[in-house]
Amino acid sequence: MKNLSEIDKNFQIKTTIEKTDIRFIDARETPFEINGIFYADGKFCRMPQEIAERVNEGVQAFYSNTAGGRVRFKTNSPYIAIHAKMSGIGKMPHFTLCGSAGFDLYVKDKYKGSFLPPFSIEEGYESVIELGEKKWREITINFPLYSNVNELYIGISNRGQLAPPTPYKKEMPIVYYGSSITQGGCASRPGNSYESIISRALNADYINLGFSGSARGEESISTYICSLPMSVFVYDYDHNAPTIEHLACSHERMFKEFRKAQPTTPVVILSRPTYYPNAEERNRLKIIKKTYENALASGDKNVYFIDGKTLMREAKGEGTVDGCHPTDLGFYSMAKALLKVLKKLY
């Protein structure tokens, strides 16, 4: 006769967490709900591998980074633990390890703690957050921004129960496309990316299609995005266009392709978030704004534009870690500017 660990793989988890009543459940099982990512070929992904391979090497490298991924559920367990099996750990000098490779936890829309990865992390880790008294809570766990997650198990008390999460306000997500900034670099933890801040403010699902150094507006990625059901498209394509000429040739083309496929979906166009643009950035801004102005001139009533100075108005020149990638202050500033538009659409 098979033993319990052979029948139920959740009982195969070997843990060093000092809890005598802990049990682990695969995050892909009911009643957990996975948002922003899906599971394929032994890991969580943001888009299909065959699509990523058609775009460019960067997208192929980053499509399985779990930026924007969430697992949501209700529980009355007094603590939550994770046991994560990971690969491709993002370690960078300008990016906290908690942001690139860690998970954080929210009860409803309130931050309750981070599952901090050890600096020696290589193939995953485990961690626990104490919640206090046994009572029902709405839980969101945000996945790492710049690492791959092959498996995730959620640990709760044997005395605890699970239930499905409350649905988001709308069934269809907001879709974001852009650069490393869109992917979340360099938020101190996953819940501080601007998309995550917006998600909590609007009770909105979302998909993060930010690809570090690799958002170039190719037709293959455009075609894929056009096929996605969504409530709003946020179009942040500037930083990774290798030249002004490339941006001029591709920015409006991608917008028109999207508009042809989705005639009424609201589109929010952004320029790169910078409070003090240089000459090249001002020229890029003109190209991006022209896409917007041409859309308005053609009668498009579902297109919006936010320039980079407005995005960084709250942070001004103190909003980046390296002159490019936002700090938490920078991401808060971006989220605040976007919310002024998105609240009208959501």
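Analyst: Here is a short chat about sheets, rings and a helix.

Analyst: This is a predicted model, in which local features need pLDDT of at least 70, side-chain atom pairs count only at pLDDT 80 or more, and totals for chains, interfaces and linings use all residues. Residues are numbered from 1 along each chain as its sequence is written, and side-chain values use heavy atoms, with hydrogens and water left out.

User: OK, sheets. What is the strand order in the open sheet of four strands?

Analyst: The order is β1-β11-β6-β9, and the pairing is antiparallel. Strands here are DSSP runs of E with at least two residues, helices are runs of H or I with at least four, and both are numbered from the N terminus. Two strands pair if DSSP finds at least two bridges between them.

User: Which strands stand at the edges?

Analyst: β1 and β9. Each has a single partner strand, so one side of each is left without a neighbour in the sheet.

User: And how much are neighbouring strands turned against each other on average?

Analyst: By 25°, direction ignored. The axes are lines fitted to C-alpha atoms, for helices over the stretch in contact, and angles run from 0 to 180 degrees between N-to-C directions.

User: How many bridges join β6 to β11?

Analyst: Seven, and the two run antiparallel. β11 covers residues 148-157. Ala-84 has Leu-152 in β11 as its bridge partner. β6 also pairs with β9 in the antiparallel sense, over seven bridges. There, Ile-80 stands opposite Ile-129.

User: What about β1 and β11, how many bridges there?

Analyst: Five, again with antiparallel strands. Arg-23 stands opposite Ile-156 in β11.

User: Is β6 mostly covered or mostly open?

Analyst: Mostly covered: seven of its nine residues, 79-87, are buried. Buried means under 20% relative accessible area, exposed means over 50%, and partly exposed is in between, using a 1.4 Å probe and protein chains only.

User: Now the sheet of five strands. What is its order?

Analyst: β14-β13-β15-β16-β17, an open sheet with parallel pairing. Its edge strands are β14 (206-210) and β17 (303-306), and each pairs on one side only. From one strand to the next, the twist averages 15°.

User: How many bridges join β13 to β14?

Analyst: Five, and the strands run parallel. Tyr-176 stands opposite Asn-208 in β14.

User: What holds paired strands together in general?

Analyst: Strands of a sheet pair through backbone hydrogen bonds, either parallel or antiparallel.

User: Where's a hairpin?

Analyst: β7 and β8 form one, with two residues between them. Lys-108 in the turn has a positive phi of about 55°. β7 (residues 103-107) and β8 (residues 110-115) pair in the antiparallel sense over five bridges. Phe-103 stands opposite Phe-115 in β8.

User: New topic. How many aromatic pairs are there?

Analyst: A search of the whole structure finds 16. Rings of Phe, Tyr and Trp (its six-membered ring) pair if their centres lie within 6.5 Å; planes under 30 degrees apart count as stacked, over 60 as edge-to-face and the rest as tilted.

User: Why is the pair of Phe-32 and Phe-73 called edge-to-face?

Analyst: Their planes are at 90°, so the pair is edge-to-face, with ring centres 4.8 Å apart. The pair links distant parts of the chain, 41 residues apart. Phe-32 is in the loop between β1 and β2, and Phe-73 is in strand β5.

User: Are those two buried or exposed?

Analyst: Phe-32 and Phe-73 are both buried.

User: Which residues form an aromatic cluster?

Analyst: Tyr-39, Phe-44, Phe-103, Tyr-125 and Phe-143 form one. The charged end of Arg-28 sits over the ring of Tyr-39, 3.7 Å from its centre. That label needs NZ of Lys or CZ of Arg within 6 Å of the ring centre and within 35 degrees of the ring normal.

User: What about Trp-136, where is it?

Analyst: Trp-136 is in the loop between β9 and β10. It counts as partly exposed, because its relative accessibility is 47%. Leaving aside neighbours within four places in sequence, its contacts (heavy atoms within 4.5 Å) include Lys-74 and Gln-161.

User: Last one. Which residues are buried in α8?

Analyst: Leu-247, Ser-250, His-251, Glu-252, Met-254, Phe-255, Phe-258 and Arg-259. What covers them includes β13, α7, β15, β16, α9 and β17.
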